[in-house]
Amino acid sequence: MTRRDLLRPVRAALITAILLQALAGVLALLPLLALIAFTGAWVAGDPLPGAQVVAAAVAGTLGAVLAAAGATWITHRADADLTWRLQRQLAETIRRAPLPTVTGLGAGRIKKVVHDDTAAMHYLVAHTLLDATALVVTPLAGLIALTAIDWRLALCSVVPLGLGTWWYARAMRGSAGNFADYARQQQRINAAIVDYVRGLPVAKVYGGPGGPGARYAAAVNGFHDFFRAWSRSTSAVTTASWLVVAPGLTAATLALVGGIGLAMGWVSPGAFVAGVILGPAISAPVAVAGPRLQAIRTGLAALDSIVEFLGQPRLQWGSAAAPAPGARLRLERVSFRYGADRPALTEVTITLPDRGLVALVGASGSGKSTVATLLARFADPAEGRILLGDTELRDLPEASLYERIGFVFQDTGLRQASVRDNLTGGRALAEQHLVEAARAAAIHDDIAALPHGYDTVLGQETELSGGQRQRICLARALLRRPELLVLDETLSAVDPTTRAGLFTALRAQAEQRTVLLIAHQLRLTADADRILVLDHGRLVGDGSHRELLTDCPPYRALWEAEPTPTAVPGE
Ligand SMILES: Nc1ncnc2c1ncn2[C@@H]1O[C@H](COP(=O)(O)OP(=O)(O)OP(=O)(O)O)[C@@H](O)[C@H]1O
């Protein structure tokens, strides 16, 4: 995708608006020309121009206002369409990119592109293009008119314009790097503030050098120093450029030159008046060219940033028919790495049964959550395949995968909505199903005790504990009746009594489906039908607790390292 592709849908509208604005710039000159005609005739003692000139002035004024209003209306409509389109495309890119890619981009970069860059595009499309058109057309039309009246005065009016442009170009020398730095510093502040707010509890307790607060302060101070240095290096030259095109100075210069010409007889009274009126109109716009140019640069940089963001890799979904019920899930020599880091999974092969409670255990960082990430297709394996029956997950339609496999993640992702909406995702489901799922997840009694039961709005009418949130997510997953239920550290945030109840509930669930329980506390999983052991991204054990204690040294080491060793079940 290129800039051109991105702007294509609004291209015709923008060209029309620019033409209308150019027309407005030309029409706006008519009243000035009428004024020149009247004043020139009056100064020369000639008969005053007729009603046609007055009519032309009125028509020009009205026409300019209408054309400019039409142009503005068109650009605002185009901007609304473009922003809507871009924000949808950005949201779709975020949704479809591999999850590690999105988290790797960071909240600051995402906030910048979704909010700041689209806002910069708004100024570019809705305002700056028209302003820039007016800046070019008005002086150009004025210059053509003055050349037609008196080319020597026209030449004289170009001098301040040329000087102003030259000074301004000097001020802007090397500015491309500064603009790029400006964007980088803004992005740094964005990232730092998000980090700061997220880590506020930690910052309060452990704040100090190197903490999120310090990072934010460093970003803000860095921007302050950079911006001051930039302003210092350009302010003198910028002021000089403004001075030479100041309307009063240009008018005075033309009055002086025109006055000499008038006295010497080579300038007519009409041309003198034209020079004094049109001269400032030709050069003054240079003074406001700077901010417009900057807005164009910012807008184009934002456009590039959006184009680059939209180029993130996307996970493609297939359209293969869903495998027959009971199809087994199989990982075949699956390897995965995050970026250029060391492998998170290496040649992992697992075939899950069609029902039963299977635990996936391993030390912290051994790759357990990465398995959940791949099963949920938040990313695809770098090598190897994941199959449901004979069909690769990547060949299935998205909805079909999430119907078959349910997930409960460490991060619960509950919305500020009623418990009911969080459970159903807005689908109309019988109350009985909701209650059944909530009971199975050991959360029904907690929900019933809320001010409005299932209609209580989370985050507004109540706050829930971490364990309650995880159980609501479990109920949400159970409601879909998936064939495979993957729980990533779901039992970690619940108290021992609830955990025991939940474990019993999961056991019952495992009679109808496969439950893959990811945990690093082996006491939780010792009773599982089968336990898979990961160690540094490799599958090093597959069996029952008893078998693994004997045959799998990493498992045995983990078991022995548990803070409160438990007796071997059944002994
Ligand atoms: N988004 C990520 N970007 C880069 N590296 C990652 C990312 N997520 C995980 N890793 C790395 O991949 C490896 C496996 O991580 P993973 O989260 O799968 O382990 P885990 O066994 O689930 O750990 P834990 O029990 O602590 O949750 C680790 O070395 C980890 O640092």
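Trainee: How many helices and strands does the protein have?
Mentor: This is a predicted model. Its secondary structure comes to 22 helices and 10 strands.

Trainee: What makes you call the protein more spread out than a compact globule?
Mentor: The globule rule gives 25 Å for 571 residues. The radius of gyration is 35 Å, well over that, so the protein is more spread out than a compact globule. The C-alpha box is roughly 120 × 50 × 45 Å along the principal axes.

Trainee: What share of the residues is buried?
Mentor: A residue is buried if 20 or more other C-beta atoms lie within 10 Å of its own. Of the 571 residues, 37% count as buried.

Trainee: Which share of the contacts joins residues 24 or more positions apart?
Mentor: Take the contacts with a separation of 6 or more. Residues 24 or more positions apart account for 78% of them.

Trainee: Now the sheets. What is the strand order in the sheet of six?
Mentor: The order is β6-β7-β8-β3-β9-β10. The sheet is open and its pairing is mixed.

Trainee: Why are β6 and β10 said to stand at the edges?
Mentor: Count partners. β6 (405-408) and β10 (538-543) each have a single partner strand, so one side of each is left without a neighbour in the sheet. Neighbouring strands here are turned by 15° against each other on average, direction ignored.

Trainee: How do you know that β3 and β9 pair?
Mentor: Pairing needs at least two bridges. Strand β3 (residues 356-362) and strand β9 (residues 530-535) have five, in the parallel sense. Val-361 stands opposite Val-533 in β9.

Trainee: Which sense does the pairing of β8 with β3 and β7 take?
Mentor: β3 and β8 pair in the parallel sense over five bridges. Leu-357 stands opposite Val-515 in β8. β7 and β8 also pair in the parallel sense, over five bridges. There, Asp-488 stands opposite Ile-518 in β8.

Trainee: What makes β8 a mostly covered strand?
Mentor: Apply the burial count to β8 (residues 514-518): five of its five residues are buried. Both faces are covered. Thr-514, Leu-516 and Ile-518 lie on one side, Val-515 and Leu-517 on the other. In a regular strand the side chains alternate between the two faces of the sheet.

Trainee: Which strands does helix α18 lie across?
Mentor: Helix α18 (residues 466-479) lies across β6 and β7 (484-488). The helix runs at about 175° to β6.

Trainee: What about the sheet of four strands?
Mentor: That sheet is open, in the order β2-β1-β4-β5, with antiparallel pairing. β2 (343-351) and β5 (391-392) are the edge strands; each pairs on one side only.

Trainee: How do you know that β4 and β5 are partners?
Mentor: The threshold is at least two bridges. Two bridges join β4 (residues 383-388) to β5, and the strands run antiparallel. Leu-387 stands opposite Glu-392 in β5.

Notes:
Residues are numbered from 1 along each chain as its sequence is written. This is a predicted model: local features need pLDDT of at least 70, side-chain atom pairs count only at pLDDT 80 or more; totals for chains, interfaces and linings use all residues. The radius of gyration is taken over C-alpha atoms; the globule rule is 2.2 Å times the number of residues to the power 0.38. A residue is buried if 20 or more other C-beta atoms lie within 10 Å of its own, exposed if 12 or fewer, and partly exposed in between; C-beta atoms are placed from the backbone. Two residues are in contact if their C-beta atoms, placed from the backbone, lie within 7 Å. Axes are lines fitted to C-alpha atoms, for helices over the stretch in contact, and angles run from 0 to 180 degrees between N-to-C directions.
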